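Visitor: I am new to this structure and would like to go through some of its side-chain contacts. Please start once it is on screen.

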Amino acid sequence: MTGSAPAPVPVMLRTRKLVKEYRADGLCVEALRGVDIELAFGEFVAVMGPSGSGKSTLLHVIGGLAAATSGEVWLRGQRVDALSKRDWAIQRRRHIGYVFQTANLLSTMTVADNVELPAILSGVSARQARQRREELLDDLGLTDKARVAPSRLSGGEQQRVALARALAHHPSLLLADEPTGNLDSGNTRDVLRLLRRTHAEGQAILLVTHDARVASNADRVINLYDGMVADDWSFG
Amino acid sequence: MPTRSWANAPHATLRWVRADLLARRVQAILTVAVVAGVVAALLLAAMLLEGTTNPWQGLFARTHGADVMLRFGYGTDLAKLDALPGVTKVGTPSTIASATLEQGATESPVELRAMRPTEPAMSAPLVTAGRWLRAGDSPADASGAVLEASFAAAEHVGVGMRVKVVGVDGNTATITVVGLAYTSDQDFYPQATPGLIWVLPATLQQVEKIPSETEEVVGLRVADPSANAIGQVVQEVYNAYHTTTEASPVEQVATSQQVDASMASNDRLLGLLLGLFGIIALIAALYAIANVTASRVLVQRRDIAMLGALGFTPGQVVWALLVEQTALGVAASALGLAVAWTAIRTPAFIGPPDGVPVALAPLPAPWMALAAAVTVATVAVATVVPAWRAGRVSPVAAVAFTPPRGRLSRLARIGLLVRLPVPLVLGARDAFTRRLPAALTIVGVAIPMAMITIAMTCWTTLDGFTSDPGRIDLAAALTVYPGSESIHAEQAQLARDPQIAADYPGAEFDTLLPGATATFTARAMGTSTSPYPFDVAQGAMFDSYNEAVAGQGLLDLLHYHVGDWVEVTVDGVPMIFDIVGRTLDPANNGDVLDFGLDALAFNGAADQPQFYSLVLKPGIDPSAARQQLLRMSGDRLQVQQAANPADGLGVLKVVIIIAIAALAIIGLANLLTATAVGIGDHLHEAGVLAAIGLTPRQVTATLVVNTTILTAFGAAVGTAAGLAVAPLLVNAQGQASGLGWGIAMMPSVGTIAAMLAITLTVATAAALLLARRSARAPEPLAPPRRPLATPRSSA
């Protein structure tokens, strides 16, 4: 395959020789050392690996929150690794839903506003955004928290709201970093049920997890070790 | 997927702005209040400056003044005035007569003006003491009269006193002063002479029995108060009364513009000092607004970064913040303008009761609009920079704050080694690691402190004028002018008076400058062997008949320096003097040349003393001494009290108090926002610090020390800068006004120590309060990492 030629098969996401180095005062940390992965449309892929293997960094770079040091990232057949901050913002608005490891909800907006904001930003009407928000909060058992400020929620509740926010605008690709990280088993079940449902509706999901039960819901599992892909295998 | 995203970006922006304003409404209200306060203070200061240096505007508005004041001979037909084009209103005519006011040995020419007890619609005098005329103030009943206030102050006449008025033909009337009032129809006494007294018509007739010796004065209001239009109206008046057969009955015409120009303050020092404060206030105000705005943005850095992650472009993030802050800025401007507008409507005058009345002069609408626009612009600019930077930061920044070398710095290690308290060492690190926020905090405290120091220096200097008048050549509190007896008899009497420490004979001459471009005052004060106790700021005192000292103003006029020789013609006699010294003299704006009385004799001029300057013994009150002298001499002496420029500058003390209060509020606001930002940024460490073994007290102490160290440094730097700059600024003002370089007096060490102590206490208290409150709120700690539930299965 030649360097920058588009992939022959249409895929949701494709990375080639992705490298990410962090530099701080003479220290150089290679978080990703040449990662090649692919995600088909509507595919659910789990990324596993020990701490420090570069899982979160991979999501950051794919989501445009960190710039790759070298390598290529292709989203929906379009090369995105060299986009400006502005164009990345528009990409995220339309095509990417992101769930952070720490929920990162907007502190001055209620839960409802937090969930609706990405939808409004992507172009739906306020009424549609509200309907979508009610639907998602209901699925996650958070309807009674709609008017509450994020600072009053528990870590698990914040995480679920973050997931709802990430799905509110029907993104092409959901990037989720440990979405069940601090949930109890009951809430984990609810989250998995929602993920399975959206996956069934055609949502492409790239999810980082430690939990094998969560990974077992995926179509494929990629193992990262020391910034490189160690394993890439699918379930049945 | 609907693709109206471009149209919906503003929708999302507004959503966020609205939510943010509501969520932080207390801070928003505080921000608006601070900015509004700054705007209002600036506008009030400008209005005060305008009203002080030009009191005419305020007086004109309050007295419903006349645009044109006409004086006609007795019996003129005034009906013609109604028909003149451009005239909207004709006032009630008043009869006037000339007379003389007698007070002991003093005689002053006055003008009696007959007015009715009812307040006239135009040119209604503004009563500032006592009351206006009443029907009962007729000659049969004590002959009440109202004196023009500046005249009364100059003549030391107060409400309740009885004075004698003598007409041109010798008819006398004893009048009782029932009130003092100001008018906008003429300049203050003694710029405008003669002094003005308002009486009932009956009283005037008692003094001036011949009607044809009286005149009529009447005021006009015009439709267009511009200079051209008024000029045309004046021309119309002349035309209407023009006759070819006899002299025009129009005796005199005065316009409001002439009075305005005349009333404008001649006191250059006051104008300059107020101007200095204006600039200081402007800088401090703009800085405060910028700081409050920028801090508001900095506090929500994390949320701003998240907006980017959600899909707001950096440009949209800046837009969102601009919209939010500009809304606050507009609200604040409106509020500030409203406060200033209300203040104009209050009738209060500020300033010493004897001095020139100071009112807040309204600023023209374009200036108010400019103030509002500048405020909003400052808010916008102060928003854009931090917003742009915050918008470009990713919410997953790899490293938040990097210590300079990645390990415990040398200083910190030494600090811990010598067992400095741990909170102290930890708290101090911000100054090294977060350099930009630390620098901003320091500057935010330093600038107000520097300006407060400058303000305190001005205050101390003014106090110095009053407490040590010798510094500005006012060692002699009283001046005695000879009465009817020969001057030698007076001197013998004065030498015996126990209140008097020394007396110096003197004479004063208005002299033309060489080149005849202006005049200055040449004064013989004391003799060469026993000169008047001038305080020489530069050079030496004169001790020979051809030496003299000069004021800064004169040196500037002549472009001379100490050591130059000057040739002047004093009282018709040419004289040459060696300028051996420079004094700080407020008289005549520093345009003075002082030498010994014997110099006059040496040069062949008359050397009779015109007056004696009396230096009182310490502790003796000048006005009491004056009364005593008058009594003892049987009212044969004229005794005047020396006018201290500090009296006229009394309004400046009011301005200084306002300025210090405003600067203190600004400094406090800067402090609070900087503290909030600092504490917010460090809150996540509180848990970590507790975990490594710091007690809750020590954790709070770390947060507090953080701010207090920066504040202390900022206060010290600001005060030092202020102390360095203040004498230069104040002396420069003094030099420019003609008073001279060297007037500045620094605040005492105690005052400065108190200032610093107060600042530090307030800063620590504020930090303590905020730290306690933040520590109590639930901490949004990161969710703890679960250990691996199942081991990783590897291929």
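Visitor: This is a predicted model. Which residue meets Asp20(B) in a salt bridge?

Guide: A salt bridge needs a side-chain nitrogen of Lys or Arg within 4 Å of a carboxyl oxygen of Asp or Glu. For Asp20(B) the N to O distance is 3.1 Å. The partner is Arg24(B).

Visitor: Are Asp20(B) and Arg24(B) buried or exposed?

Guide: Buried means under 20% relative accessible area. Asp20(B) has a relative accessible area of 0%, and Arg24(B) has 9%. Asp20(B) is buried, and Arg24(B) is also buried.

Visitor: Which residues are joined into one network by salt bridges that share partners?

Guide: The network takes in residues of chain A and of chain B. Its members are Asp113(A), Glu116(A), Arg133(A) and Arg15(B).

Visitor: How many salt bridges are there over all chains?

Guide: The search covers the whole structure. One of the bridges found is between Glu21(A) and Arg23(A), at 3.7 Å from N to O. The total is 22.

Visitor: Is Arg23(A) buried or exposed?

Guide: Exposed means over 50% relative accessible area. Arg23(A) has 65% relative accessibility, so Arg23(A) is exposed.

Visitor: What separates Arg132(A) and Glu135(A) along their helix?

Guide: The side chains of Arg132(A) and Glu135(A) form a salt bridge, with 3.0 Å from N to O. Arg132(A) is buried at 12% relative accessible area, while Glu135(A) is partly exposed at 41%. Both lie in helix α4 (residues 126-139) of chain A, three residues apart, so the separation is about one helical turn.

Visitor: How many aromatic pairs does the structure hold?

Guide: The count is taken over all chains. It comes to eight.

Visitor: Is the pair of Tyr98(A) and Phe100(A) stacked or tilted?

Guide: The ring centres of Tyr98(A) and Phe100(A) are 4.6 Å apart. Planes under 30 degrees apart count as stacked, and over 60 as edge-to-face. Both residues are buried. The planes of Tyr98(A) and Phe100(A) are at 35°, so the pair is tilted.

Visitor: How many residues apart in sequence are the parts that Phe72(B) and Tyr241(B) tie together?

Guide: The rings of Phe72(B) and Tyr241(B) form a tilted pair, with centres 4.9 Å apart and planes at 55°. Phe72(B) is buried at 0% relative accessible area, and Tyr241(B) is buried at 3%. Phe72(B) lies in strand β1 (residues 68-73) of chain B, and Tyr241(B) in the loop between α6 (227-240) and β11 (250-255) of chain B, so the parts tied together are 169 residues apart.

Visitor: Which residues are linked into a cluster by ring pairs?

Guide: The cluster is in chain B. Its members are Tyr504(B), Tyr532(B) and Phe534(B).

Visitor: Are α10(B) and α11(B) roughly parallel or antiparallel to each other?

Guide: Helix α10 (residues 314-345) and helix α11 (residues 365-391) of chain B have axes that come within 8 Å and cross at roughly 155°. The crossing is right-handed. Angles over 145 degrees count as roughly antiparallel. α10(B) and α11(B) are therefore roughly antiparallel.

How values were computed: Residues numbered from 1 in each chain as written. Chains lettered and ligands numbered in written order. Predicted model: local features only at pLDDT ≥ 70, side-chain atom pairs only at ≥ 80, totals over all residues. Heavy atoms only, no water. Phe/Tyr/Trp six-rings, centres within 6.5 Å; stacked < 30°, edge-to-face > 60°. Buried < 20%, exposed > 50% of the residue type's maximum accessible area, 1.4 Å probe, protein only. Helix = DSSP H or I, 4+ residues; strand = E, 2+ residues; numbered from the N terminus. Axes fitted to C-alpha atoms, helices over the stretch in contact; angles between N-to-C directions. Parallel < 35°, antiparallel > 145°, perpendicular 65-115°, else oblique. Left-handed = near helix turned anticlockwise from the far one by under 90°.
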